[in-house]
Amino acid sequence: MSLTRCTWKGMNGDPFYERYHDEEWGVPEYDSRALWEKLVLDGFQAGLSWITILRKREAFREAFDSFDPEKVAAYDDADRARLMANPGIIRSNAKIDAAISGAKIYLDMRDRGEDFADFCWGFVDGKPLQNTWDAGQVPAQTPLAVEVSKALKAKGFKFVGPVIVYAWMQATGLVNDHLTCCFRHDEVKELAR
C-alpha cells in the first residue's frame, strides 16, 4: 500500500526525506533545547532548501556541541574560525554569530526564569494549531508567525523572520500543517497534549 504524503518538492521517492516527514516534521516538540536547536537550524536554512540543512544536520550537531546552549554561548574567535572552516555545515559568519548570540539569549531567558518552551508554546496557548490545508494552500507565513518573529527579534534573536519562523513552527508542531490528504495529518493531530 502506498502512503499519501504532503507534496514537498523532491521528497517522494527520497527515503531520507520521507522518513523526516513521516516521523519528525510536525510532531509537537516541548523540549526547550530541541526547540532552540531547530530554530538555529531554520536560521541556517535562510536562502537555502530545508533538505540541504537536513542532510547536514548531524554535521551541525557535531560542530555545535549537540547544540548545548552553555557550550555554544561560550564560543570564542577560535570556535568561530573552526566553524567557518568546517565544510560539513553552512559557513556563514552572520549565521554562526546568530547561533552564538542566540545561545546567550536562551541562557539569559532561562536565568531570568523564562523557559524557552513555555515562551514558544505560549503563542498557541500550549496546544498545536490544527490547520486543514489542501495542496497549494499552505502559506509561507501567517499573522501569528509575524507576531512570533517580532517577539523573537525583540529578545535579540537573529534570522527569525516570519517565513523562517513559520517553517520552524511547522517543523516543531506548534502548527499541524500536514495536508488533510496526508496520512500524517490525523496522526500528528492525535499527538497534541
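Predicted model: local features only at pLDDT ≥ 70, side-chain atom pairs only at ≥ 80, totals over all residues.
**Stop 1: the largest pocket**

Select W8, W25, V138, A167 and Q170, the closest to the pocket's centre among its 29 lining residues. A pocket is an open set of points on a 1 Å grid over the protein atoms alone, with protein on both sides within 12 Å along at least five of seven lines; lining residues have an atom within 4 Å of a point. The volume here is about 650 Å³, counted as the space filled by probe spheres set on the points, which are joined across faces, edges and corners.

Next, select helix 9 (162-171), which gives the largest share of this lining, 6 residues. Helices are DSSP runs (H or I, at least four residues), numbered from the N terminus. Helix 1 (15-23), helix 2 (32-45) and helix 3 (50-63) each supply at least two residues as well.

**Stop 2: the largest cavity**

A cavity is a set of grid points where a 1.4 Å probe fits but cannot get out. The count is 1 cavity of 30 Å³ or more, and the largest cavity holds about 110 Å³ of space.

Select L39, V40, A98, A99 and K158, which lie nearest its centre among 13 lining residues. Then show helix 2, the source of the largest share of the lining, 5 residues. Helix 6 (93-111) supplies at least two.

Key
Residues numbered from 1 in each chain as written. Heavy atoms only, no water.
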